[in-house]
Every structure is written in C-alpha cells, then in structure tokens.
Amino acid sequence: MKIILSATFWISIYLALVLAPLAVLKLGEVPPGSGFWWDFSMAMGFAGMAMMGVQFLLTARFKRASSPFGIDIIYLFHRYLAVMAFAFIFLHFLIIRLDNVDALGAINPLHAPWYMTTGRIALLLFAILITTSLWRKKLRIHYDEWRMLHIALAVAAFLLALGHIEGVGYYIDAPAKRWLWSGYTLFWLLLIVYLRLIKPWRMSSRPYRVTEVRQERGDSWTLALAPQGHQGLSFKPGQFAWLTLRESPWQVKEHPFSFSSNATDHDGLEFTIKELGDFTRTIKDTQVGEIAYLDGPYGVFSIDQYPDASGFIFIAGGVGAAPIISMLRTLAERQDARPLWFIYANNEWDNVIFREELETLKQRLNLHLVHVLKEPPTDWQPDDVQYESGFITPALLKKVLPGETRKYECFLCGPKPMSDAAQQGLHALRVPMDQIHFELFDMV
Amino acid sequence: MREQWARRIALLTGQLVLLMAVLFAVMQNPIEPTTATGGGEQPPAAEALEHIDLDPKDIEAGFQVYQRKTCARCHSIAGKGNPRNPLDGVGARRHAQALRDWIIGADVLQTVMPARAFNIKQAYRELSDDELDTLLIYMQSLRPATSRPIQAEPVVKPAVVAAGEGGNCLTCHSNAGHMMQVVIPPAAPPEDGCAAAPSRPAFLNAFVNKEFTATVHGEIGCTGCHGGDASAEEKKTAHTGMKVAEAGCADCHSEIVELHDSSLHNTMNGMAHALKLRSGEDNYHKLGTVWNNDCASCHAGCSDCHLTLPTAVGGGLIKGHAFFKRPPMKDTCAVCHGSRAGAEYLGQWQGYEADVHYEASMHCVDCHNNDLHGDGQTYTNRWQVSGRPQCTDCHAALPNKTTKAHDIKHQDVSCQVCHAQPYQNCFSCHTSMKEGEYQRRAGHKRLGFKIGRNTVPGYPYSIVTLRNNPVARNSFDHFGEKLLPHFDDYPTWKTTAPHNIRRVTKQNRSCDSCHGQEKLFLQESDLEPQSSDANQDIITPPARNLEQGAQY
C-alpha cells in the first residue's frame with residue numbers, strides 16, 4: 001500500500017512537471033490566438049519541450065523517486081517518453097510545414113532568423129538522439145561513446161530548442177512566463193551539474209579497493225571490493241549498482257552490475273561479471289588494490305521486497321545467476337526455511353557458474369535446484385543433480401515446478417528469449433502477473 | 001507487470017499532453033478565425049486599384065521582394081504566412097512613410113515596435129532603393145476589398161527622404177528623456193508685460209513627436225526644411241549646415257507667403273509709424289538699437305503662428321512639431337498680445353469676465369480673418385487695414401430698436417464705451433543699456449477704463465475708450481536728448497478697442513451708470529506729470545444735459 005501511495009505521488013509529480021509549462025501559457029496576459037492548427041502546433045512544441053526537460057530528471061537516478069518502480073522501469077519510461085516527446089516536437093514542425101509553409105521562412109541559416117536555425121538544428125539533434133538510442137547496436141556505437149554522445153546531444157538540443165522558444169518569444173513574452181522558462185532551464189542545468197559534478201564528487205569520497213579477482217566458470221569473473229575509509233553500502237539481495245573501474249567518477253564510464261555477494265556481509269561486496277562486451281572483457285585484467293567507485297544500490301528485483309512470501313522461484317540463465325546467488329547466499333545466511341526453486345539454464349555443464357557452491361547451498365536451504373542444459377554431456381548420469389535438456393519452455397516449467405506455483409514469488413533473470421518463455425510458462429501455471437519479477441536490461 | 005504500467009503511464013502522459021494542447025488551441029481561438037480579405041498571394045488585379053495610382057508592375061515586383069525576403073516568416077497575407085502579424089489591409093491603415101519606417105525598422109519606431117521585431121527589421125535596411133520602393137508599393141496595394149477608395153499617397157522617393165533620415169534626427173528629438181537633459185530653457189522674456197510665454201517644460205521646445213513623420217510636412221524629412229546632416233550620429237555634425245526652415249514655406253505656400261510680406265505682423269509698421277510720428281525721420285534712425293532689439297523682435301513669421309511659440313518669447317515647438325492651420329490661440333496670439341487683448345479676451349484679470357465672444361468659443365481668427373496674412377497693400381497701422389474686423393460685421397449698425405441706448409444720440413459712441421470692461425494701461429517705459437546689452441525697463445501698469453475723444457483718423461466713432469501707451473517724453477533719453485521732438489503733438493491716451501466685451505457692463509446699466517460717473521471719463525487728474533500736451537485735446541467731460549434719473 002505504501003508503495004502504491006508513493007508511486008502515485010511520484011507519477012503525479014511527473015505529470016505536474018510535464019503539464020505545468022502548458023498550463024502556464026494560459027496564465028496572465030495571453031497574446032491572441034492565431035488559428036487552431038497554429039496554436040495546436042505551438043502547444044505541441046511547448047509540451048514536447050516540457051517532456052524533454054523531465055527526461056533529464058528521469059535518468060538522474062534519484063533513489064527515492066525510483067524505488068517504488070525499480071530504476072530499470074524508469075529507464076524504460078524514459079525511452080517511451082523520449083519517442084513521444086520527439087513525436088510532439090516533430091508534429092510542431094510538421095503542422096506548420098503543411099499548414100503554413102511560408103511562416104517557416106528561409107532555410108538557409110545565412111538568411112533565416114537565428115532562432116529558426118536553432119529550432120531546426122534542435123529538431124535534427126533530437127532526431128539523431130532518438131536514432132542513436134533506439135538502434136545503438138545496429139549502428140555499432142560503443143556504449144561509453146554512446147553515453148557521452150547521448151548527454152552531449154541532449155543538452156545541446158535542449159538548449160538550442162530553448163533558444164528557439166526564447167527567440168520567437170510570442171507566448172512567453174511576459175515576465176512571469178519568462179521566469180518560469182528560465183527557471184525550468186536552470187533546473188535542468190542544475191540537475192546536470194548535480195549528476196556530473198556533485199554526485200561523482202560524492203562517489204569519489206567513498207572509494208572501494210579491489211581485494212580479489214576470482215575466475216568463475218563460463219568466462220566469468222568475480223570482483224570483490226572492500227570500502228576504503230567508510231562504512232560501505234548495504235543492499236538488498238538482487239539489487240545492482242553502477243561500477244566505475246580504472247576511471248574517475250567524472251568520466252561517465254560507469255556500468256551497472258548486480259551484486260552477487262551475501263547482502264548481510266557489509267565489508268565485502270562482490271560482483272560476478274561475464275565477458276560479454278567491451279568493458280566486461282577487461283574485468284580479468286583488474287589488479288588487486290585498484291580503486292573502484294560505486295553508485296547504488298538500485299533496483300526492486302529482490303526477495304526483500306516480499307518479506308511475507310511463502311517461498312521463491314528463481315529462473316536464471318548464465319550470468320543471470322549473479323543476483324540469484326546473492327539472494328540464495330543471503331537466505332542461507334539468514335537460515336531461511338522457506339521452499340525455494342532455482343531453474344538454472346546454461347549451454348554447457350562446464351560453464352555453469354557457481355555450480356559447486358549451489359550444491360553446498362542445497363544442504364543449507366530448502367532448495368530445489370534444476371539445471372537446464374542446452375547440450376548435456378552424452379551418457380551423463382550424475383547422482384545428485386537434477387537436470388533437463390534443451391531450453392526453458394512452458395512445458396519444462398510445468399514439469400519441474402510444484403503444483404502450487406501461484407503461491408510463490410518468481411524472479412527471472414536471463415536473456416530475453418529465456419525470460420519470455422519463462423513468463424509464458426508462469427502465466428500458464430496461473431501465476432499472477434504481480435508475482436513475476438524481472439530486471440529489464442540491455443535497453444540500449 | 002511493471003513494464004505494462006510504464007507503458008500505460010507513458011501513454012496516459014501523452015494523451016494528457018495532447019488534450020492540454022488541443023484545449024490550449026481551442027481556448028486561444030474561441031471563434032473560427034476569419035481570414036482577412038484583400039491582398040493575397042497574387043497581386044491584386046489592376047482594376048481593383050483603379051482609384052489608387054499604383055503600377056501593377058511595381059506591385060508584382062514588390063510581391064517578388066516580399067517572397068524573396070521571406071516576409072511570410074513573420075507576416076501573413078490572406079491567411080498565408082505567420083498569422084500573428086497579418087498585413088491584410090495595411091495599405092489602407094498606414095501612410096507611405098509609416099510603411100517605409102515599419103519595413104526597415106526606422107529609429108523613430110524604436111520605442112513603438114516590440115524590441116524583438118525592431119531588431120529583426122534592421123536587416124531590411126539593406127534593401128536596395130528599388131526593392132524598398134516596390135515592396136512599399138506592394139504594401140500600399142494591400143487594401144480591404146470593401147473599404148472605400150482611398151486617395152493615393154504619393155510614394156516618397158528616397159531622393160526626398162533618405163531611408164532613416166528622419167530617423168537619425170528623431171533618435172534625439174523624439175526621445176523625451178534625452179531632450180529633457182539637453183534642452184536649455186530659453187532666457188525669460190523681459191518683464192515688460194507685453195508678451196509672456198506659457199509655463200511649460202523647456203524640452204518641449206525641441207521635442208518632435210514621432211507621428212510627425214507620417215504627416216504631410218513630415219514627409220519632407222527633417223533636412224528638407226532645416227538642412228543639417230541627417231546621417232550624422234552626433235549633434236555637432238548633425239546640426240552643421242542648418243538653415244532657417246521658414247525659407248522653405250514658400251515652396252508650397254508661395255501665395256500666402258508673398259502676401260504675408262505686406263502684413264503688419266511682418267512689417268511691424270504700426271510701431272514704426274507711431275515712433276516716427278514722434279521722433280521724426282532723422283531721430284528715428286538714431287533709435288536703431290531700440291528698433292532692432294525691441295520693436296522688431298515682435299516680428300511674426302509663418303512658424304510663429306502655425307508651428308512654434310512666438311519667437312518674441314523664445315520660440316519652441318508648440319506640440320511635437322505639429323503644424324496648426326488654425327493657430328492655437330493661447331500659445332500664439334495671446335502670447336504676443338497677452339498683456340492687453342489676450343488677457344482681456346481670455347478673462348485673465350481678476351474680478352473681470354472674459355469676452356463674451358470667447359465664452360462663445362470664438363477664436364481670434366474668427367474675427368481677424370482678413371488682416372493677418374496681409375493683402376498686398378502696405379498699411380502704416382492696423383486701423384487702416386481694409387477689411388479689419390468691426391462689431392457691425394455681425395451686429396447690425398445703429399439705430400437698433402432693441403434698446404433705446406442704441407439710438408441716434410449714441411451713434412458717435414463706440415461699442416466698447418458701453419460694452420467693454422476695464423483694461424490694462426501701461427505707463428512710461430524706459431530704455432537703457434546694461435553691460436552693453438539693450439534693456440527695456442517696464443514702467444507701471446494699471447487696469448482702468450477711460451472714455452474720451454477718438455485719436456485715430458478715419459475712425460467711425462468720436463467718443464471712444466482710451467488706453468494709455470507706455471511711451472513717455474524721456475523714454476529714449478539713454479540714446480540721446482530730445483529724440484522725440486514731436487512728443488507733444490500726439491496723445492499718449494489713444495483710441496482702443498478692448499477685447500473684453502459683455503452685453504451688460506457696470507457703465508451700461510442705467511444712464512446714470514455712465515453719465516453720472518465722471519471717473520469713467522479721462523480727466524486732467526488722470527494725466528501723468530510730463531504727459532503729452534495733446535492729451536488735453538481728447539478730454540471730454542461727461543454729457544450732463546440729461547434728465548435726472550432718466551432710464552433707457
């Protein structure tokens with residue numbers, strides 16, 4: 001209930017932020033209208049800009065505002081709204097282009113008024129911004145480079161568009177409205193200052209030291225960190241943090257990883273990372289003693305969100321086991337007796353991360369561990385390992401999960417095909433939607 | 001689950017925003033907008049412009065300029081282009097010069113136009129003369145189809161008014177704040193009571209209303225009359241080569257200007273004549289200083305009545321360079337003629353009423369309509385002017401049956417004797433030099449009412465009101481002894497026509513109010529010591545042969 005109230009509150013704040021600039025246009029002395037389509041177009045422009053402004057806020061990782069939803073969903077929201085805001089801004093241009101092309105004036109920046117040129121450039125930059133975000137991988141843009149590009153494009157486009165509004169200045173030509181729009185701009189600029197200067201500075205004053213780099217199965221590495229001169233952080237098992245390694249916190253080179261360690265252990269934080277991308281391939285080169293920085297914890301993918309659950313079902317694939325192992329380790333530490341199921345999919349038996357540890361955890365927990373192997377070794381019949389061949393499918397889940405599946409909270413973490421199949425299977429088993437939890441990642 | 005909610009909230013947000021946008025657009029446009037008629041993408045057909053003298057070729061060329069310069073970025077014509085600043089019908093709304101100023105954002109408009117628009121307009125100063133001319137013609141062609149035909153405004157070519165010419169002058173002269181700082185108040189006129197400037201802020205003297213540029217005279221441009229350099233950016237160079245603007249009046253008003261040469265306002269013959277009678281021709285020439293510094297300063301040219309306060313009180317624009325066909329009485333006529341006719345007419349003497357004609361809203365020129373601009377004849381004084389105003393021009397001559405007083409017995413009595421109120425008399429002015437400067441020292445003044453014999457040859461009445469003139473036997477002693485040898489040949493009390501007429505006055509209530517009041521008649525005791533001997537000849541005792549208590 002508290003979560004719903006809190007969520008409603010933050011959504012209301014969001015709607016107010018987006019709609020206020022439009023409402024303000026009607027305050028005080030309003031210049032006369034200029035026809036429905038003209039004014040509709042103008043309203044679209046203002047609305048699009050108000051939404052673009054709030055975009056900065058959405059990705060600012062405010063823990064309090066994001067906690068009722070999970071920060072991954074905020075990023076998803078950011079993505080939906082970006083497309084919508086861009087559609088509005090494009091509509092703003094398109095309506096005038098179709099309805100009254102003469103009013104756009106010259107295109108040549110040498111002859112056009114400066115504020116029309118800034119408007120045009122802003123539109124173009126917004127378009128690039130959207131394109132590079134929706135299709136980053138297809139365009140083969142490096143993640144770190146994309147992030148820098150994203151920030152630079154967003155700030156540039158936003159400021160240019162504000163210049164356009166200020167230059168035209170028809171509906172904001174009253175001191176109060178100018179104040180509001182200046183205030184709005186200032187707010188976003190301050191936000192950027194906070195995100196790019198103050199927050200990194202706070203991170204820099206709380207460094208961590210790499211205490212161990214341990215090879216795991218399946219090209220994965222576990223990085224152990226210990227706080228240097230501070231209390232460290234406490235997280236809920238299953239949560240994640242942004243990790244900065246070998247760079248200063250100001251360089252916008254942080255990457256999100258799930259904690260894999262036991263949440264009750266505050267002195268040693270561990271991340272288990274698989275070699276998948278540009279950054280993750282360098283983890284193994286990390287030296288003990290290096291300094292790292294953390295921004296976190298974030299996320300609602302945690303058993304601690306549901307303390308009253310009667311049991312948990314975990315479904316993971318590959319390195320998706322990292323947050324699951326954190327939850328299992330924590331449950332074991334707490335001597336939790338609730339029934340647990342872990343359906344764990346991997347390609348090969350040799351690559352099953354935490355394979356040995358899971359066996360020991362079986363002793364300490366009421367854990368039903370089911371391995372799903374794409375290619376199990378031929379003629380392989382281990383005594384104490386329950387395993388299935390192939391992929392996770394609804395039929396497989398029906399087979400391995402208990403009949404009363406709908407009593408339990410389910411956590412999914414793995415590649416999208418696996419996650420989709422698992423969701424289907426759980427739906428088929430009549431598990432309510434709000435009992436199925438998964439992290440959305442790999443959005444860009 | 002959360003994903004769906006995120007999508008739903010995102011969609012909700014989008015819908016709310018769209019709704020707000022539609023709401024905004026509807027609220028901003030409560031009524032279906034009507035697109036103005038006239039103008040249009042195509043230049044109006046030639047026949048529609050029959051009544052205005054614009055060449056369709058020029059209109060077409062102007063339309064091309066309008067297109068080329070993407071004016072539609074900020075303006076619309078017949079619904080095409082930015083609807084915020086429609087130009088439909090602008091040709092009927094604005095004068096040619098005003099249109100030109102608006103196109104190029106002339107300096108005159110700096111405080112009139114929104115700063116944003118003014119800045120944008122500056123770029124159009126780079127239009128070629130040809131482009132600007134044709135664009136102007138296109139603008140002039142934009143008239144509501146339904147409006148009545150409008151007389152063509154002459155298109156002022158840049159040769160007459162350079163772009164922004166008025167602008168540079170008006171940058172200072174239309175800036176009240178600036179003028180307040182730089183205009184030095186003119187020296188106060190001598191306190192002799194003859195003329196007095198109305199009290200007002202000195203900056204008004206040189207302040208030019210921006211709207212002047214849109215008037216017929218404004219179109220000539222500042223330098224057209226005043227000379228100087230309109231392109232200069234600082235005062236000294238701008239004012240170099242300035243000339244007397246009045247010389248230009250004859251360019252258009254030659255007939256009136258020519259006649260005015262003979263006007264007493266120009267010749268000042270009245271004063272010269274009165275002086276010459278007393279001084280004689282030889283001595284008159286010795287009084288050049290007096291004449292030049294005093295009498296001649298009252299000279300009135302075109303602008304003294306139609307544009308500025310009279311030069312005699314320091315001049316200065318009456319109202320932002322507005323020209324007045326009918327001079328504003330209190331700012332012009334009554335300024336020079338203020339101590340006598342003006343103050344009387346306007347009722348400025350405490351205890352006395354204004355002239356009944358003034359109360360009936362009559363202006364000086366309603367009576368003085370023939371005698372101000374001259375008629376080509378040279379007159380030596382106002383009494384000679386043919387067509388000078390007479391009471392009988394409007395009021396039928398005596399005898400009149402409406403009242404017994406207008407009977408045959410009074411036919412020699414001037415109207416004012418019965419119908420005027422006391423008036424100002426000035427005594428014994430003197431001249432002197434102080435620190436090399438000519439000075440006039442006012443004598444004393446006194447309100448009074450004196451009846452006596454007429455002093456003006458040819459005047460139709462023998463019994464008249466008399467007014468003392470300030471000349472004294474020794475008025476000009478500073479410039480030499482006995483400069484007025486004929487002083488005693490002419491009275492200082494002279495026939496006058498006070499301008500404070502009332503139907504009922506103190507002296508016309510009964511026969512006795514006049515005939516029984518000796519002090520109304522000039523007497524020996526009224527004369528100053530050293531008074532002119534000739535004053536003796538105009539004294540007339542009150543007519544005593546009345547039946548006691550006789551009433552009209």
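What follows is a conversation in questions and answers about the two chains, their contact and some individual residues.

Student: Before we start, what kind of model is this, predicted or experimental? And how many helices and strands does chain A have?

Tutor: Good place to begin: this is a predicted model. Of the 444 residues of chain A, 40% count as buried. Its secondary structure comes to 11 helices and 12 strands.

Student: And how many helices and strands are there in chain B?

Tutor: Chain B has 552 residues, and buried ones make up 35% of them. Among its contacts with a separation of 6 or more, 69% join residues 24 or more positions apart. The count for chain B is 22 helices and 9 strands.

Student: Which element gives the largest share of the side of chain B that touches chain A?

Tutor: The contact takes 40 residues from chain A and 31 residues from chain B. On the side of chain B, α1 (2-28), β2 (80-81) and α5 (115-121) each supply at least two residues. By class, that side has 17 nonpolar, 7 polar and 7 charged residues. The largest share, 18 residues, comes from α1(B).

Student: Which residues is Ala21(B) in contact with, leaving aside its neighbours within four places in sequence?

Tutor: Ala21(B) is listed with Leu22(A), Ala43(A) and Ala47(A) among the core residues that touch the most other members. Its contacts beyond four places in sequence are Leu22(A), Phe40(A), Ala43(A), Met44(A) and Ala47(A).

Student: How far apart are the end C-alpha atoms of helix α2 of chain A?

Tutor: α2(A) is mostly covered, with 19 of its 23 residues buried. The helix runs over residues 36-58, and at 1.5 Å a residue it should span 33 Å. The distance between its end C-alpha atoms agrees with that, at 32 Å.

Student: Where does α14(B) bend?

Tutor: Helix α14 (residues 269-286) of chain B has 18 residues, and a straight helix would reach 26 Å at 1.5 Å a residue. Its end C-alpha atoms are only 17 Å apart, which is short of that value. Leu275(B), Arg278(B) and Ser279(B) are buried in this helix. The bend, about 115°, is at Gly280(B).

Student: Is Tyr344(A) buried or exposed?

Tutor: Tyr344(A) lies in strand β8 of chain A. Not counting residues up to four places away in sequence, it touches Ala316(A), Ala321(A), Leu369(A), Val370(A), His371(A) and Val372(A). Because it has 26 C-beta neighbours inside 10 Å, Tyr344(A) counts as buried.

Student: How far apart in space are Tyr423(B) and Pro498(B), C-alpha to C-alpha?

Tutor: Tyr423(B) is found in strand β3 (residues 423-427) of chain B, and with 24 C-beta neighbours inside 10 Å it counts as buried. Its contacts beyond four places in sequence include Arg340(B), Phe449(B) and Pro498(B). Tyr423(B) and Pro498(B) are 75 residues apart in sequence, yet their separation in space is 6.6 Å.

Student: What is the phi of Arg246(A) near?

Tutor: Most residues other than glycine have a negative phi. Arg246(A) is found in the loop between β3 (240-245) and β4 (255-258) of chain A, and it counts as partly exposed because it has 14 C-beta neighbours inside 10 Å. Its phi is positive, near 65°.

Student: Is Gln335(A) buried or exposed?

Tutor: Gln335(A) lies in the loop between α8 (321-333) and β8 (340-346) of chain A. It has a positive phi of about 55° although it is not a glycine. With 8 other C-beta atoms within 10 Å, Gln335(A) is exposed.

Student: Last one: what kind of peptide bond joins Gly296(A) and Pro297(A)?

Tutor: Most peptide bonds are trans. Pro297(A) lies in strand β6 (residues 291-298) of chain A. Omega between Gly296(A) and Pro297(A) is about -5°, and the bond is cis.

Conventions
Residues are numbered from 1 along each chain as its sequence is written. Chains are lettered from A and ligands numbered from 1 in the order in which they are written. This is a predicted model: local features need pLDDT of at least 70, side-chain atom pairs count only at pLDDT 80 or more; totals for chains, interfaces and linings use all residues. Helices (H or I, at least four residues) and strands (E, at least two) are DSSP runs, numbered from the N terminus. A residue is buried if 20 or more other C-beta atoms lie within 10 Å of its own, exposed if 12 or fewer, and partly exposed in between; C-beta atoms are placed from the backbone. Two residues are in contact if their C-beta atoms, placed from the backbone, lie within 7 Å. Ala, Val, Leu, Ile, Met, Phe, Trp, Tyr, Cys and Pro count as nonpolar, Asp, Glu, Lys and Arg as charged, and the others, Gly among them, as polar. The expected span of a helix is 1.5 Å times one less than its number of residues. The bend at a residue is the angle between axes fitted to the seven residues ending there and the seven starting there. A nonpolar core is a set of buried Ala, Val, Leu, Ile, Met, Phe, Trp, Tyr and Cys residues joined through C-beta atoms within 7 Å.
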